[in-house]
Amino acid sequence: MADADAVPNLPGKLARFLDGRTDGRSADLTPVQLHPGDRILLCSDGLSSYVPQESVRNALDTGITPEEVAEHLVTLALDHGGRDNVTVIVIDVHQ
């Protein structure tokens, strides 16, 4: 989104991730080595601000499908008073 800074009311930190600015600001990237059996969680602060890390970790460690884990985590966030949007993506790494 080359003109993200022109979008009204777009928070600066979000624009930073969307527009690939050339002024030295860019997304924070951390390369990780993934292996079969790993499970990845991508989420918004609608989850991480409301659900304790231990509860998130316990949900991820269950043997249920990624879709079921994501639904469970959204429910936990709402049950813990989440008022913001709750975005959760759970990915299982396969060979």
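Predicted model: local features only at pLDDT ≥ 70, side-chain atom pairs only at ≥ 80, totals over all residues.
Me: What makes up the secondary structure of the chain?

Reply: The chain has four helices and two strands. Read from the N terminus, the order is α-β-α-α-α-β.

Me: Why is Ser-44 called buried?

Reply: Buried means under 20% relative accessible area. Ser-44 has 16%. That value is under the cut-off, so Ser-44 counts as buried.

Me: Where does Ser-44 lie?

Reply: Ser-44 lies in the loop between strand 1 (39-43) and helix 2 (45-48).

Me: What does Ser-44 contact, leaving aside neighbours within four places in sequence?

Reply: Ser-44 is in contact with Asn-85, Val-86 and Thr-87.

Me: How do you know that the side chain of Ser-44 makes a polar contact with the backbone oxygen of Asn-85?

Reply: Check the distance. The side chain of Ser-44 reaches the backbone oxygen of Asn-85 at 3.5 Å. A polar contact needs N or O atoms within 3.5 Å, one able to donate a hydrogen and the other to accept it.

Me: Why is Ile-89 called partly exposed?

Reply: Its relative accessibility is 41%. Buried is under 20%, and exposed is over 50%. The value for Ile-89 falls in between, so Ile-89 is partly exposed. Ile-89 is placed in strand 2.

Me: Which residues make the nonpolar surface patch of about 230 Å²?

Reply: Leu-42, Ile-89 and Ile-91 make this patch. A patch residue needs over 30% relative accessible area. Ile-89, at 41%, therefore passes that test.

Me: What makes a set of residues a nonpolar core?

Reply: Its members are buried residues of nonpolar kinds, such as Val and Leu, joined through side-chain atoms within 4.5 Å. The largest core here has 13 residues. Among those with the most contacts inside it are Leu-47, Val-69 and Val-88. Helix 3 (53-60), helix 4 (66-79) and strand 2 (88-92) each give two or more residues to this core. Helix 4 gives the most, with five.

Me: Which residues does Val-88 touch, not counting residues up to four places away in sequence?

Reply: Val-88 touches Leu-41, Leu-42, Cys-43, Leu-47, Ala-70, Leu-73 and Val-74.

Me: What percentage of the chain is buried?

Reply: Buried residues make up 22% of the 95 residues.

Methods: Residues numbered from 1 in each chain as written. Heavy atoms only, no water. Buried < 20%, exposed > 50% of the residue type's maximum accessible area, 1.4 Å probe, protein only. Contact = heavy atoms within 4.5 Å. Patch = residues over 30% accessible without salt bridge, like charges linked within 9 Å, V, L, I, M, F, W, Y side chains within 5 Å. Areas by Shrake-Rupley, 256 points an atom, 1.4 Å probe, with all protein chains shown as cover. Salt bridge = Lys/Arg side-chain N within 4 Å of Asp/Glu carboxyl O.
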